[in-house]
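The entries follow in the order in which I made them.

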Amino acid sequence: MAKPDPSARTVLEPLSNIDLSSYSVTSLRSLAVSSISDAQSLIYIGTFSGSLLLLSISTGDDATATATATASAPKDVQSALDFDASKRNVSFLRSVSFGDSPIETLHVLPEIGKVLVLCDGYMFLVDALLSQSVKKLSFSKGVCAIAKRIRSSELESTNLLGISGNNLESSSASQRILQKLGGGIRANGVKTKEPVQQSEGNNVFAVVIGKRLILVELVFSNNRIGKTDRDIDSSNGSFVILKEIHCIDGVKTIVWLNDSIIVGTVHGYSLFSCVTGLSGVIFSLPDISSPPQLKLLWKERKVLMLVDNVGIVVNEHGQPVGGSLVFRSSPDSVGELSPYVVLVRNGKMELYNKRSGSCIQTVTFGGEGVGPCIVANEEVGIGKLVAVATPTKVTCYCKVSSEEQIKDLLRKKNFKEAISLVEELEYEGEMSNEMLSFVHAQVGFLLLFDLHFEEAVNHFLQSETMQPSEVFPFIMRDPNRWSLLVPRSRYWGLHPPPAPLEDVVDDGLMAIQRAIFLRKAGVDTAVDDDFILNPPTRSNLLESAIKNIIRYLEVSREKELTLSVQEGVDTLLMYLYRALNRVDDMERLASSENSCIVEELETLLDDSGHLRTLAFLYASKGMSSKALAIWRILARNYSSGLWEDPVVETDLQDGSKNIVSGREIAAIEASKILEELSDQELVLQHLGWIADINPVLAVEVLTSKKRVKQLLSDEVIAAIDPKKVEILQRYLQWLIEDQDSIDTQFHTLYALSLAKSAIEAFEVESISKNPDDERLEGAKFSDFGMKSIFQSPVRERLQIFLLSSDLYDPEEVLDLIEGSELWLEKAILYRKLGQETLVLQILALKLEDSEAAEQYCAEIGRPDAYMQLLDMYLDPQNGKEPMFKAAVRLLHNHGESLDPLQVLEIVHNLSRAIDVDARLARLEERSRHVQINDESLCDSCHARLGTKLFAMYPDDTIVCYKCFRRQGESTSVTGRNFKRDVLLKPGWLVTR
């Protein structure tokens, strides 16, 4: 079955019709419509026999509307409208004859209650109700076309009275004499009066007589300035000629817009300027074409020009604007019913959208071959009435309200066309943006019940007036916390009342099954063909519904909502996330700023096992104790293996992977809460399990700057596990360095803790250098085998602190490290205590740091300090060899500070001992014995030495005499030249 055009809709509906055969023996020639109120209109019908018929039509549905229209009408009109419109929709009022010739043109002038009639080349003026006598205007015969001037605004058009005056015929005798003597100005050869600065009226016309284009104004005795003794009637008015322009012959149609007059002939369309009189051809018509037709598009202030079946819209300058309108055939007559163009031909009326060019409606009002047809519409006002006429009958159509048109499209499920219509009406200014939002919401609900959830939400999002609470009933059954927030508006009642999504899906599936059955029986249905050919599953539909409602609520969260509505949005959004098990979205919502109602969610989340989400939600609502309890449970269950550990893997900048276990994540989230808490009891309660997982997090909790009130230091130190030494050290370091604590107790405790750790670290390092040490295995499991929270070694931190602080007790620290190998630390402490000799002994003899020893002597500032250091170098005691290099360095750097006599005495005593040692070493080297046997080989030629002569070089290589002669005595077989590379053996050196 072929489906109707989705763009087609009912814009006009028949209101009434009347057969005029009893009122006129000849066919109709012209037609005009004038509205006198919202409920009453007049229809003027001109016949070929010269009669003008007047019909009255009621556009209201009751007598109240008619009474209102009658009361608001002019006094001379009220009596004529005094009839029972509730019984008869249309009535014949009266007729008047203008002769035997056809009435070519009718111009209704509602602002003055007159009708301008063109008949047999003459112009007549009659009152709007045809109750008074006809006035024939004294004007040249042969008028073939007339058009009223339409002005967009005063700024866009020229006041003709400011540039011209009356012509010769309408001037006084004295004025004619002056003009004959040469006064006046010319416009295309026609003499006119000198300019008179006057205001142009609303009834200015362009009249075509042969090749003359005459611009005239219809004036009355009370508004005419400079009137003459001709063409004057106090009640009927007269024409005043403003200007005459040379025109072209054969004008069939004419339109005057602002300063441009467009005329049409069988040869084409031309444009004339009413100001300059200049003209130009817009374009020419082909030799064989339909008669030219022009239609002023009142609202747009544009002109529609017809070329056969094509309508071209031009502006006042004759330039095309927008696209052309292509009609099905060349029309007999053209009308306008904004935003449509109305065409009639062969008993059919067609409505075309001016913007899209599509045919919206086709109406048949007469049989085939009925003859020429005419269409007329109101030229001003809201324009809701259209009259069409065949030669013997007039039919009136009333515009269907925009709301009813939209409803009709929605009932037919032409949703796109309905939205297009609303947008078009909004563009035309006939509908508000609020109505567009209303229709978007209405379309969305219709699509939702048709199971098109994505499209439905798209329309919801385009509605600026739809409230998020309107979708609450689709998520949670009534009654609930937010039932009273849901608007009870049923829109236009085109869709069922809201129901949970499960019910909507079930009802939709039943409708699909029904449609499939009916389709097999040959009955067409409104169900989507795609659903019939490929029936969806319940799970897929429900998932799609939830996903798209989620999408709507997520966008709604960004709007400014009342608190109660925001609570509903966030809480129900969490419901929908849980329905799809979108854990990441649940946690993101719970951990961010939200308006969720905890009481509505905690049982749901607890029962479904979404404890992480519940913990985030508790934390966001300030329920820290409950949140921390959950994180502690999660950490314990992850570590025990009761729950699967949700490991998180992230990429680092260096390309490596960072793997974070579930228990670490729990500790991280708990630490975020604790960092902001000032509740000391709660912080210390959860500090232990966090420290077991990650000491760094524990330190961040204790040293956080986010809390308003800091924790009590003494209680924190007492609560730290003694085994968590680094946590204690980092906390003490924070107190001293960041909080500028001057408490000697903290300084001493920190120094003692660092010293103890340094001793243990030194022992572990010593053990690790000896693989056979039995203590190595145990050391592997010590805290020092774990990753430290400090970046620098403990000894370095200890040394820096001992040097920088003056608030610790050096004797107490010295007692702790006295038996250790921490010599530098001891030197620092002895220095604090003023033990200069011990400091120099440690620096010079234990550490052998000559530079530090010399620097310390400089700090002492006494010359005897350098002498004491030199004595230590040369006589170190305890069996230690003299440190000659250090002594030489000292003499070189600080010789001027030493007593020369004391230095010479020390050197003299040492030189005798050195000389004896040198002699003994030389004698020992020369008395060395070398044993050669039968297996000994020459290191150069590898020949057996046996009893041969041989030589031995200082580097202990042995060669035969032949090779010795070849090598020489200064270069051994290894290639070493002893003259350039002197060889020294330990035995040759002085041992004292």
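I call a residue buried under 20% relative accessible area, exposed over 50%, and partly exposed in between, with a 1.4 Å probe and protein chains only. The model is predicted, so I kept to its cut-offs: local features need pLDDT of at least 70 and side-chain atom pairs count only at pLDDT 80 or more, whereas totals for chains, interfaces and linings use all residues. Residues are numbered from 1 along each chain as its sequence is written, and side-chain values use heavy atoms, with hydrogens and water left out.

Entry on cysteines. I found that Cys398 is buried, at a relative accessible area of 11%, and Cys373 also counts as buried, at 3%. Which cysteine sulfur is closest to that of Cys398? The one in Cys396 is, but at 9.7 Å it is too far for a bond. My search of the whole structure for disulfides (pairs of cysteine sulfur atoms within 2.5 Å) returned 0.

Entry on cores. I took a nonpolar core as a set of buried Ala, Val, Leu, Ile, Met, Phe, Trp, Tyr and Cys residues joined through side-chain atoms within 4.5 Å. The largest has 174 residues, and Met349, Ile406, Leu553, Trp631 and Tyr873 touch the most other members. Leaving out residues up to four places away in sequence, I listed the contacts of Ile406 (heavy atoms within 4.5 Å) as Ala418, Leu421, Val422, Met431, Val439 and Trp492. Another core lies apart from it, with 21 residues, including Val208 and Ile245.
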